[in-house]
Amino acid sequence: LDVVRADTYVTVDPENPVVVLPNIVGKVKVIKVYDDNAVVRVIRDNKKEPITLKDIVIKHTKITGR
């Protein structure tokens, strides 16, 4: 699974004041599933920007860039 962090940018456009760009920051593998949560193992992350609590885990996407 991909771990994604959204970078938010405020623009000068009053009609669309915020742009959110997803950024893949790592990969995890599910180890154990419970009723309300799961345990994952980090497969890959960026040592300068490690995975944090507010990052989102999603099914693999075709998001490019870092």
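Four salt bridges are found when the whole structure is searched, and the model in which they occur is a predicted one. Side chains of opposite charge can pair when their charged atoms come close.

| Salt bridge | Distance, N to O |
|---|---|
| Lys27 and Asp2 | 2.5 Å |
| Glu49 and Arg5 | 3.4 Å |
| Asp55 and Arg5 | 2.8 Å |

**The pair between strands β1 and β2**

The side chains of Lys27 and Asp2 approach to 2.5 Å, N to O, in a salt bridge. Because Lys27 belongs to strand β2 (residues 18-33) and Asp2 to strand β1 (residues 2-10), this pair ties together parts that are 25 residues apart in sequence. Are the two partners buried or exposed? Lys27 has a relative accessible area of 26% and is therefore partly exposed. Asp2, in contrast, has a relative accessible area of 0% and is therefore buried.

**The network around Arg5**

Salt bridges link Arg5, Glu49 and Asp55 in a network. One of its pairs is Glu49 with Arg5, at 3.4 Å from N to O. Here Glu49, in the loop between β3 (38-45) and β4 (56-58), is joined to Arg5 in strand β1, so that distant parts of the chain, 44 residues apart, are linked. Glu49 is partly exposed, its relative accessibility being 43%, whereas Arg5 counts as buried at 18%.

Asp55 also forms a salt bridge with Arg5, and the closest N and O atoms of this pair are 2.8 Å apart. Since Asp55 lies in the loop between β3 and β4 while Arg5 lies in strand β1, the pair ties together parts that are 50 residues apart in sequence. Asp55 has a relative accessibility of 13% and so counts as buried. The cut-off behind this assignment is a relative accessible area under 20%.

**Surroundings of Tyr9**

Strand β1 is also the place of Tyr9. With a relative accessibility of 45%, Tyr9 counts as partly exposed. Which residues does Tyr9 contact, leaving aside its neighbours within four places in sequence? They are Pro17, Val18, Val19 and Leu21. For Tyr9 and Leu21, the C-alpha to C-alpha distance is 8.2 Å, and the two residues are 12 apart in sequence.

**The chain as a whole**

The chain contains four strands and zero helices, and its elements follow the order β-β-β-β from the N terminus. Its radius of gyration is 14 Å, well over the 11 Å that the globule rule gives for 66 residues, so the chain is more spread out than a compact globule. The C-alpha trace spans about 45 × 30 × 20 Å along its principal axes.

Of the 66 residues, 15% count as buried. The accessible surface of the chain is about 5,600 Å², and carbon and sulfur atoms contribute 58% of this area. Among contacts with a separation of 6 or more, 40% involve residues 24 or more positions apart.

How many positive and negative side chains does the chain have? There are 12 positive and 9 negative side chains, and the centres of the two sets are 12 Å apart.

Note on methods
Residues numbered from 1 in each chain as written. Predicted model: local features only at pLDDT ≥ 70, side-chain atom pairs only at ≥ 80, totals over all residues. Heavy atoms only, no water. Helix = DSSP H or I, 4+ residues; strand = E, 2+ residues; numbered from the N terminus. Rg over C-alpha atoms; globule rule 2.2 N^0.38 Å. Buried < 20%, exposed > 50% of the residue type's maximum accessible area, 1.4 Å probe, protein only. Contact = heavy atoms within 4.5 Å. Areas by Shrake-Rupley, 256 points an atom, 1.4 Å probe, with all protein chains shown as cover. Lys, Arg positive; Asp, Glu negative; His and termini not counted. Charge placed at Lys NZ, Arg CZ, Asp CG, Glu CD.
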